[in-house]
Structure formats: C-alpha cells, structure tokens
Amino acid sequence: MSDDERPNFRGRLSKLESKQQQTFILCKEMSAKLDLFLMNQGKFNRTLLPHGKKINKPPNMPSIPLSSIQEFRDFEDFLSNNENFSAMVFYISGYLCKDEEKSTRKLLAKLLSNELASQFTYHGATGNHSFKDTHLGEVFESALLTSFKNDLSDAKDAAGKWFRNAPWRKPSDGASDKRASNKGLQR
C-alpha cells in the first residue's frame, strides 16, 4: 500500500467504525422497544384470553426459592438476559392475587428462602444487601405492576416487613431458627 492510500484507507476505516457504532446503538434501542412491546402484547393477550393463561417456567431457569448468596448471584446472571428477565416477570406474575400486600408476601416467599432473605432488606439498610436494586428486585416490581397500577407503596411496605421478619420465620431447611438459637433452645 502506498503512502497516498494509507490516509484514505484510515479515513474510510474510521467512517466505517463510526457507522458500525451508530448501527449498534440503534439495534440496542430497537431491542429495548421490542422487549417492551412483547411484554405489553403478552399482557394484552392475557387480558383478552384469560382462559389461555398458562404459566411456563422460563427455559434454563435456576430453581427457586433461592437459598444462598451464590444461587442469588447465579440468578442475577440469568436475569441479565432481557429474554429471561421478561419471561421471569410473566412467570411470577401468575402467582399474584387481588391483594397487593398478600401478593408481595407470596412472591417473595416463592423467590427467596427465609435464610437468604435474612441477609437482605428491601432498601439495603442496616448493612444488608438491597433487594430493590437487583435484577430480581426489578422482576418483582415489574410483576406487581402487571396487576397493580399504582406506586406500589403498599407492596414496598409489605416487602420491608417481610425482609425484617425473615430471621424469625420458620427456616425452610429444618435448621433451628434465630429465635430458638438466641434463647439457647433447639427445635
């Protein structure tokens, strides 16, 4: 390649890279809009065809309820994929009932064991992990928003109480709970 051709080649390469970056940004924007459209279409279909409701577990979904921080991290990785995120919202929205607070408790119990929940608070206070700032927290709120068209203040309050009381609920693995161990008792 001659010296005259090199600047021209670099200029064309730079323009091509710029176009490629613009195309990538447009594809990401279109993908986000398509995800929103598909979620709305699913909601619309469930409204029009309520008897057609069928709760399908998303493919390759880790088992729930989650019982360790490592399982939680693996689930966060699973939810980082937009398709898995949307499928999970649809999946757990099938467990909602007509009461916002009861739905909150039901969903959280479906998602997290009491042992894992005791390591979280809803907002991340008192040195625990923040549930609302995770992908699973976003899935949880998105599922609630499919049925409850408000600011979810009742759900957020109920979630805060649910996390606060997690150490005091009966463990799901049969181990002794915090109250019993604090009193020196065994179950």
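Reader: Which helices each supply at least two residues of the positive patch?

Author: A patch takes residues with over 30% relative accessible area (Shrake-Rupley, 1.4 Å probe) and no salt bridge, like charges being joined within 9 Å. A salt bridge is a Lys or Arg side-chain nitrogen within 4 Å of an Asp or Glu carboxyl oxygen. In this predicted model, local features need pLDDT of at least 70 and side-chain atom pairs pLDDT 80 or more, while totals for chains, interfaces and linings use all residues. Numbering runs from 1 along each chain, and side-chain values use heavy atoms, without hydrogens or water. Helix 4 and helix 7 (153–165) are the two suppliers; helices are DSSP runs of H or I, at least four residues, and strands of E, at least two. K102, R105, K106, K161 and R164 form the patch, with three residues from helix 4.

Reader: How is a pair of aromatic rings described?

Author: By the distance of the centres and the angle of the planes. Centres must lie within 6.5 Å; planes under 30 degrees apart are stacked, over 60 edge-to-face, the rest tilted. The structure holds 10 such pairs. F72 and F120 are 4.8 Å apart at 50 degrees, so this pair is tilted. F72 belongs to helix 2 and F120 to strand 1, 48 residues apart. W162 and F163 pair edge-to-face, at 5.2 Å and 85 degrees.

How values were computed
Patch = residues over 30% accessible without salt bridge, like charges linked within 9 Å, V, L, I, M, F, W, Y side chains within 5 Å. Lys, Arg positive; Asp, Glu negative; His and termini not counted. Charge placed at Lys NZ, Arg CZ, Asp CG, Glu CD. Phe/Tyr/Trp six-rings, centres within 6.5 Å; stacked < 30°, edge-to-face > 60°.
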